[in-house]
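Thanks for making time this morning.

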Amino acid sequence: MLEIPDGFQSLLRTHLPYADAGALAAHDELGALGLDSMGVVRLLVDVENAYGVELPDELLNEATFATVGSLWQTLASWWPPLR
């Protein structure tokens, strides 16, 4: 099971209006939790600022932003210090 760090969950929560107070699971769909296209842009900016990275364009796709886990895995696999 993929563990999603608390700090990353906190950052995500600010962009997920339909998320409840419980822990976010890797399989939770970001769209179902209220992330829309404008939210993706704002989330991307916050992720890049929080982690001091700039995700390459080839990672900015629907699959990356499909679930909590897909976003975390993409970020962690692309930027080794998060592993």
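This is a predicted model: local features need pLDDT of at least 70, side-chain atom pairs count only at pLDDT 80 or more; totals for chains, interfaces and linings use all residues.

Searching the whole structure gives 3 aromatic pairs, where rings of Phe, Tyr and Trp (its six-membered ring) pair if their centres lie within 6.5 Å, with planes under 30 degrees apart counted as stacked, over 60 as edge-to-face and the rest as tilted. One of them joins F8 and W72, a tilted pair at 4.8 Å centre to centre with 50 degrees between the planes. This pair links distant parts of the chain, since F8 sits in helix α1 (residues 6-13) and W72 in helix α3 (residues 68-78), 64 residues apart; helices here are DSSP runs of H or I, at least four residues, numbered from the N terminus.

Residues are numbered from 1 along each chain, and side-chain values use heavy atoms, without hydrogens and water.

Both F8 and W72 are buried, meaning under 20% relative accessible area with a 1.4 Å probe, protein chains only, and together with Y51 they form one aromatic cluster. Leaving aside residues up to four places away in sequence, F8 touches V47, Y51, V68, L71, W72 and L75, contact being heavy atoms within 4.5 Å.

Turning to α1, its buried residues are F8, Q9, L11 and L12. Viewed down the helix axis, they fall within an arc of 160 degrees, so they line one face of α1, the arc being taken from the directions from the axis to the C-beta atoms. Their cover includes α2 and α3.

Notes:
Helices (H or I, at least four residues) and strands (E, at least two) are DSSP runs, numbered from the N terminus. Buried means under 20% relative accessible area, exposed over 50%, partly exposed in between (1.4 Å probe, protein chains only).
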